[in-house]
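Have the sequence and the 3D view open while reading.

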Amino acid sequence: MNAHQQFVSVRGVEKRYGEIIALRGVDLDVAEGEVVCIIGPSGCGKSTLLKTINWLERPDTGAIFINGEQIGETVDENGRKRARPESEINALRARVGMLFQNFNVWPNMTALENVVRPQMVVLRRSRDEAEEIARSLLDRVGLSDQIYQWPESLSGGQLQRVALARALVMEPIVMLLDEPTASLDPEMVGEVLAAFRSLVDDGMTMIIVTHELGFAKSVANRIIFMESGVIVEEGTPEMLRAPRTERLKQYLDLLLYS
Amino acid sequence: MNFDFSYTVDAMPWLLKGALVTAQVSLLCFVLSLALGTLLTIIRTLEISLINAIIALYVSFIRGTPVLIQIFLAYYGLPVIGIQLDAFTAGIVAVTLNSGAFTTEILRGGLKAVPNSQLEAANSLGLKRSIVWRKVVLPQVYLTSIPPLVNEFTLVVKATALLSVITVVELFRTAQQLFSSHYHVVEVLIGTAAIYFVFCFVFSRVSVVIEQRFAVRRP
Amino acid sequence: MDLDFSILVEHREVLINGFKLTIFIVICSIFLGMVLGAILAIGRMSQRLYLRVPAVTIVEFIRNTPFIIQAFLFYHGLLALGGALPEVLVGILALALYSSAYYAEILRAGILAVPHGQSQSARAVGMSYFQSLRNVVFPQMWPIALPPMASQTMSLVKESSILSTITVWELTLSAQSVQGITFRPFELFFLIAILYWGTNESIAFGIRRLEKLLQKRQSRRVSKEASGRAEYVT
């Protein structure tokens, strides 16, 4: 499949941190509107893979394409890699929304300001315009009563929804979710997953790293199982019921018994 | 820019002689300061309010005033109230008293880090107080305090440069004597700075190594 | 023992002028030092070697040599290069550079103390490195960096006395000149010791008040009844 035809394309990406090899050559294609869930044991490279897609981590080898455009680097006529200018990388990151396991809501601003500031700084919108849009988004994720609250008085579920509004306000073309519910108390997982589900219904292209197999089964078009920096198995959610590889079988058994 | 660095090279033998004086003075002051700091730390545990207040005042005065002024007070000021000191002795007194205040605070922090259980265990074994201090507490205090103490030593080395102002012939004064004859100040000073740099830099690196070696031993 | 503190009153003008100059030099050096310190801190943390190596070299040189040597190098170096700057300016430059090395380390530690995820999420929405510093990292860094910054500033006040050795007419040199006339070193140096000490205590006091203010702000924010249009930002 031609890399440029897919919405998100990862080709031969490798990444090592000193002695540790996080990614050993990963290929991944995601079509527009598709929802892909990545599962696997901790340390298998899922988060690293996600972070290479918006160039928060630079792969040692390989290339990443989003909507046909190679990000982070280009290859010139001589076949040599040249880094793309910071401004282009920043602009691209703005179109890719990311959610983190520990929310990373900015504590020095109110919930509203968290969603207003990126618009003003990156999109150069006026404060009034930014506030209007922010309010409607925070309303959409069910936080209209909390907009003037400071992050330290918000619950985990509320914080993740602020982070969601903050990501959505940049009008992303793809969303990367890195274990978004892993730090949440069980009662709050539901409200956050519901917010994600509504995104899926709106046709957003999403790549979600998660260990919520139930959620993955219900929203994913495709599930990818990774281990030790490679993709071991991928397929429809059916594969969770009937895993083909032994390693996926072992992983699923482990989850069942924990 | 017309600097003639042959002057730097020529100055080296003399500078190194001055460096020797700096090393001796620094070492002497540091050892005395450590003794003073240890003494004050022990006395502080007796919890006599008046004495602790005096110590606190001493520390506050030293930490709040410039070393240069302390040196002037020792050399020029003391004779007025009857204490005549020659330059060398006045310098030692000033730098020792200065460093002593900081050392006291460092050791106080180190003492806090010694678990109370250590003291209790030693006392419950019926050991004499002085033994408890010497064999149990102080070694741990010193061990914990190695990084800030080494840092304090480099501060002492740097402070000795100010003794040149009261005519003590250490490294900086030697440098001044040298360049006052041929006016190639920068060349001589670069050599001087290099010697101080090597001194201090080596010590701070050594401290890191010592810290790592001893860190392995601690449970 | 024969002390005469009246000479302090008699020569107060010289001493007051010296004190005023010391304060002026300190304030200028604080601001210039912080700016230079920020530049050095960013250089220290840069991935680009051509920025990192000079920054590290400068910081290590300043921290491992006595300030009096640096002051002399500035003074005589400028003379040798043919420059004729007023000593006060030379003094401020030397003192600012000296403190910038220490400020840089404090800033660097402060920036590293802010959780990495904070700047990551800022970059993830498309902010540049500097935008993430300004909007997310620096505001979170200040409470952490304030105490060491304060103590470094108090050091700055004390080190300014060394500028007397390069003929800057600050407090110490002024006192020495009065000493030369009155031959009363004890009274004089005791007084200026008190003046330095008082200045530092004032700074310490000011910082304590500032910390209390920041803490009050913090607790106000946590209250669940955030009513109306509270301030958005720090």
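## Terms and model

A residue is buried if 20 or more other C-beta atoms lie within 10 Å of its own, exposed if 12 or fewer, and partly exposed in between, with C-beta atoms placed from the backbone.

This is a predicted model: local features need pLDDT of at least 70, side-chain atom pairs count only at pLDDT 80 or more, and totals for chains, interfaces and linings use all residues. Residues are numbered from 1 along each chain as its sequence is written, while chains are lettered from A and ligands numbered from 1 in the order in which they are written.

## T182(C)

T182(C) counts as partly exposed because it has 16 C-beta neighbours inside 10 Å. T182(C) sits in helix α8 (residues 171–182) of chain C. Helices here are DSSP runs (H or I, at least four residues), numbered from the N terminus.

Which residues does T182(C) contact, leaving aside its neighbours within four places in sequence? They are I7(C) and H11(C). Contact means that the C-beta atoms of two residues, placed from the backbone, lie within 7 Å. L8(C) is 174 residues away from T182(C) in sequence, yet their C-alpha atoms are 9.7 Å apart.

## Chains B and C

Of the 2 pairs of chains in contact, B and C share the most contacts. Chain B brings 28 residues and chain C brings 29. On the chain B side, α2 (49–64), α3 (67–77) and α9 (185–217) each supply at least two residues. α9(B) gives the most, with 9 residues.

By class, this side of chain B has 22 nonpolar, 5 polar and 1 charged residues. Nonpolar covers Ala, Val, Leu, Ile, Met, Phe, Trp, Tyr, Cys and Pro; charged covers Asp, Glu, Lys and Arg; the others, Gly among them, are polar.

## Chains A and C

Here 29 residues of chain A meet 23 residues of chain C. In chain A, α2 (86–95) and α3 (111–122) are the elements that give two or more residues to this side. α3(A) gives the most, with 6 residues. The chain A side has 15 nonpolar, 8 polar and 6 charged residues.

No contact joins chains A and B. Their closest C-alpha atoms lie 22 Å apart.

## Nonpolar core

A nonpolar core is a set of buried Ala, Val, Leu, Ile, Met, Phe, Trp, Tyr and Cys residues joined through C-beta atoms within 7 Å. The largest one has 186 residues, and I71(B) and F189(C) touch the most other members. Helix α5 (residues 87–113) of chain C gives this core its largest share, 14 residues.

Beyond its neighbours within four places in sequence, F189(C) contacts I69(B), F72(B), L73(B), Y76(B), G77(B) and A175(C).
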